[in-house]
Amino acid sequence: MNLVYDGPSEKHGEWIRNKVGGVQASIVTVPLILAFEQAFESVKRCGRVIAVGMPKGNLSIPITRWVTSGIELIGSTLGSRQDLQDALNFAKLHGIECKVEKRKLKDINQVFDDMSNYKIN
């Protein structure tokens with residue numbers, strides 16, 4: 001099933017819950033409060049929201065839904081924005097390049113299989 005959402009960003013999580021019943025987990029990697037809030041809105045009962053990094057500002061979530069739905073909020077800080085900038089500067093200074101291979105989403109199972117069998121990094 002291929003679904004594409006093309007509506008207002010503040011309704012994304014609600015749309016996911018309505019279309020597929022929500023997701024088991026949502027991983028947020030961008031430092032935007034709206035992304036965190038929509039990740040929370042997109043998870044189903046007993047789902048998890050995993051935050052990698054931290055946005056500036058405060059997260060506003062409905063406490064009643066959080067408690068009654070058993071949603072887990074998990075945070076992880078792997079480094080600061082300055083750490084990321086330093087890593088990018090190091091890569092540029094030493095001519096380090098990323099090898100990127102584009103694959104279609106429908107081939108995701110093959111991609112995982114290729115990674116497991118060390119065919120791709």
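The structure is a predicted model.

**First stop: an aromatic pair**

Select Tyr-5 and Trp-15 and display their side chains. The two rings form an aromatic pair, with 5.1 Å from centre to centre. Their planes stand 45 degrees apart, and the pair is classed as tilted. The count of aromatic pairs in this model comes to one. Tyr-5 belongs to the segment before helix H1 (12-20), whereas Trp-15 lies within helix H1, so the pair ties together parts that are 10 residues apart in sequence. Next, colour the two residues by accessibility. Tyr-5 is partly exposed, at a relative accessible area of 21%. Trp-15 is also partly exposed, with 22% relative accessibility. Both assignments follow because a residue must fall under 20% to count as buried.

**Second stop: a charge over a ring**

Select Phe-40 together with Arg-65. Arg-65 lies over the face of the Phe-40 ring, at 5.2 Å from the ring centre.

Select residues 43-52, which make up strand E2. Within this strand, pick out Arg-45. Is Arg-45 buried or exposed? With a relative accessible area of 57%, Arg-45 is exposed. For a view across the model, draw a line from the C-alpha atom of Arg-45 to that of Lys-106: the distance is 27 Å, and the two residues are 61 apart in sequence.

Now select Cys-46, which is also found in strand E2. Cys-46 is partly exposed, at 45% relative accessibility. What is its backbone phi? Phi of Cys-46 is near 65 degrees, a positive value in a residue other than glycine. Most residues other than glycine have a negative phi.

Select Val-52, Gly-53, Met-54, Gly-79 and Arg-81. Of the 13 residues that line the largest pocket, these are the closest to its centre. The pocket has a volume of about 330 Å³. Its lining divides into seven nonpolar residues, five polar residues and one charged residue.

Select residues 72-76, which form strand E3, and centre on Glu-72. Glu-72 is partly exposed, with 36% relative accessibility. A line drawn from Glu-72 to Ile-120 spans 32 Å, C-alpha to C-alpha, between residues 48 apart in sequence.

Select residues 81-93, the 13 residues of helix H4.

**Last stop: beyond helix H5**

Select Tyr-118, in the segment after helix H5 (108-116). Tyr-118 is exposed, with a relative accessible area of 76%. Although Tyr-118 is not a glycine, it has a positive phi of about 60 degrees. To end the tour, display Tyr-118 together with Cys-46, whose phi is likewise positive.

Methods
Residues numbered from 1 in each chain as written. Predicted model: local features only at pLDDT ≥ 70, side-chain atom pairs only at ≥ 80, totals over all residues. Heavy atoms only, no water. Phe/Tyr/Trp six-rings, centres within 6.5 Å; stacked < 30°, edge-to-face > 60°. Helix = DSSP H or I, 4+ residues; strand = E, 2+ residues; numbered from the N terminus. Buried < 20%, exposed > 50% of the residue type's maximum accessible area, 1.4 Å probe, protein only. Lys NZ or Arg CZ within 6 Å of the ring centre and 35° of its normal. 1 Å grid on protein atoms, 1.4 Å probe; cavity = no way out; pocket = protein on both sides within 12 Å on 5 of 7 lines; lining within 4 Å. Points joined across faces, edges and corners; volume = space filled by probe spheres on them. Nonpolar A, V, L, I, M, F, W, Y, C, P; charged D, E, K, R; others polar. Expected span 1.5 Å × (residues − 1).
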